[in-house]
Amino acid sequence: MKNNNKEIISAVDKYGTPAYFYDGEQLITNYQNLVNALPSCVDVFYALKVNPNVSLVKLLRAQGACTEVCSITEMEIALKAGTPVQDIIYLGPCKKDEELKKAIALNIFAIVIESEIELERVSSFAKELGITTNVAIRINPDFSAEGSPWKMGGRPTHFGIEEQQAIRNFKTYLDTPNVNIRGIHVYNGTNILEAKSVYENTKYILGLYEKIVEKYNCEFTMVDVGGGMGIPYFNNQEELDLKEFRNLMVPLFNSFNKRFPSTRIIMESGRFIIGTAGSMAVKVNNMKSNHGKTFVVTDGGTNCHSAAAGSGRVVKRNFPMKNISNPDDSFVDKYQVSGPLCSPDDIIGRNIMLTKVNVSDILLVELSGAYGPTSSPGLFHSHGFPSEILLYRGETYLIRGSDTTEDIVNKQILVNFKQEELILS
């Protein structure tokens, strides 16, 4: 995220903290950098799971981005942002009946099938509606994603159909009534920083596609190679080398496209596109010295940004953080930065070096555009979710209001017990 400290402090004065800030120009630049590293035969699908704010999706759609959704709500957001149904694919291991029926009725580009049972359900619902619906078969490959800290294929997971089972039963899939098999979908891992790893994953998936086409003499119109391109969060990590990425991926995709010109090539991306475009601002509420360490207590922690607090990681490492209220780096000290929760794990900065911190200062947790509110327990202690603010072309836009006490309490239902029912005899 670019240096927008003045704009952020001004917006904090107006909207309060905790708050997420997004740099619209950086978001667009990240998307364009990825598109420019790929040949024109590849369509980039933005993964709403990382950040589904409708204004951000609209900005990306204006650049040509398609969307990958994992819930009906995400689908509604994509549609509201102006995404045509033919540029939407729908993933997820647990799609409810009413959700599948809606996706079928909308006639989106493809429902990604996670199991043979789900394929039967989709077939049944499409038959009820009297239409043929488009799907892709998600395959859990035998190949494991090297370079990914979070592997989603090549091991036992709840995603997709085992590779050998899928190849063995693909004729049955092709013969399923009221279903058009567009092709296959494979997503092997996420936050991959090595271009060679993305290349090897993609090469394997395209080879799997060819194997199925040759075995069953069928024609497909889609292959989704996943993606998983990441960003470096920590000091010992290097960013994805886009030059190497382009040199590897362009000939691979162009060669495939030459052999299968009618097949739409889909590459998904979320974290790479928006991760560096977002930051979380928190306000220092309290400070104390405890057992020889200085603790800075802020109003946003695990409940707002579980990734920064290290959720899901054995080794807790700090996201980049800075004190934007005090840019003077002549005095720097070591701090423990906590959130507001009564939880020992609510630490978003451990032994982190910051310019001198005072109560009411604003701290900025950088690289926070992806998996911020979406993967955080916003109702922990009933604090609610933070506001989200877009900085774009010199303007500041509130794109999500923070949850209020009324928002949270009014969704709860108080049962009107009779007095005698409140006491156990």
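In which loop does N191 lie?

Reply: A caveat comes before the details: this is a predicted model. N191 lies in the loop between β10 (189-190) and α8 (195-216). Its backbone stands out. Phi of N191 is positive, about 55°, although the residue is not a glycine. Most residues other than glycine have a negative phi. N191 is also buried: its relative accessible area is 5%, and the cut-off for buried is under 20%.

Now compare H291. Phi of H291 is positive too, near 50°, and H291 is likewise not a glycine. H291 sits in the loop between β13 (278-290) and β14 (293-298). Its setting is exposed, with a relative accessible area of 81%. The cut-off for exposed is over 50%. So N191 is buried at 5%, whereas H291 is exposed at 81%.

One further backbone feature belongs here. The peptide bond between T17 and P18 is cis, with omega at about -5°. Most peptide bonds are trans. P18 is in the loop between α1 (5-15) and β1 (19-23).

Back to the N191 loop. On one side of that loop is α8 (195-216). Helix α8 is also part of the cover over the buried residues of α9. Helix α9 covers residues 242-259, which is 18 residues. From first C-alpha to last, α9 reaches 25 Å, close to the 26 Å expected at 1.5 Å a residue. The buried residues of α9 are F245, L248, M249, V250, L252, F253 and F256. Besides α8, their cover includes α2 (24-36), β2 (42-47), β11 (222-224) and β12 (264-269).

Last, the whole chain. Its secondary structure comes to 11 helices and 20 strands. The radius of gyration is 24 Å, close to the 22 Å that the globule rule gives for 425 residues, so the chain is as compact as a globular protein of that length. Its C-alpha atoms fill a box of roughly 70 × 70 × 40 Å along the principal axes. Of the 425 residues, 52% count as buried, and N191 is one of the buried residues. Take the contacts between residues at least 6 apart in sequence: 70% of them join residues at least 24 apart. The chain exposes about 19700 Å², and carbon and sulfur atoms supply 50% of that area. As for charge, there are 43 positive and 48 negative charges, and their mean positions are 2 Å apart.

Terms used: Residues are numbered from 1 along each chain as its sequence is written. This is a predicted model: local features need pLDDT of at least 70, side-chain atom pairs count only at pLDDT 80 or more; totals for chains, interfaces and linings use all residues. Side-chain values use heavy atoms; hydrogens and water are left out. Helices (H or I, at least four residues) and strands (E, at least two) are DSSP runs, numbered from the N terminus. The radius of gyration is taken over C-alpha atoms; the globule rule is 2.2 Å times the number of residues to the power 0.38. Buried means under 20% relative accessible area, exposed over 50%, partly exposed in between (1.4 Å probe, protein chains only). Contact means heavy atoms within 4.5 Å. Accessible areas come from the Shrake-Rupley method with a 1.4 Å probe; for residues, only the protein chains shown count as cover. Lys and Arg count as positive and Asp and Glu as negative; His and the chain ends are not counted. The place of a charge is taken as NZ of Lys, CZ of Arg, CG of Asp or CD of Glu. The expected span of a helix is 1.5 Å times one less than its number of residues.
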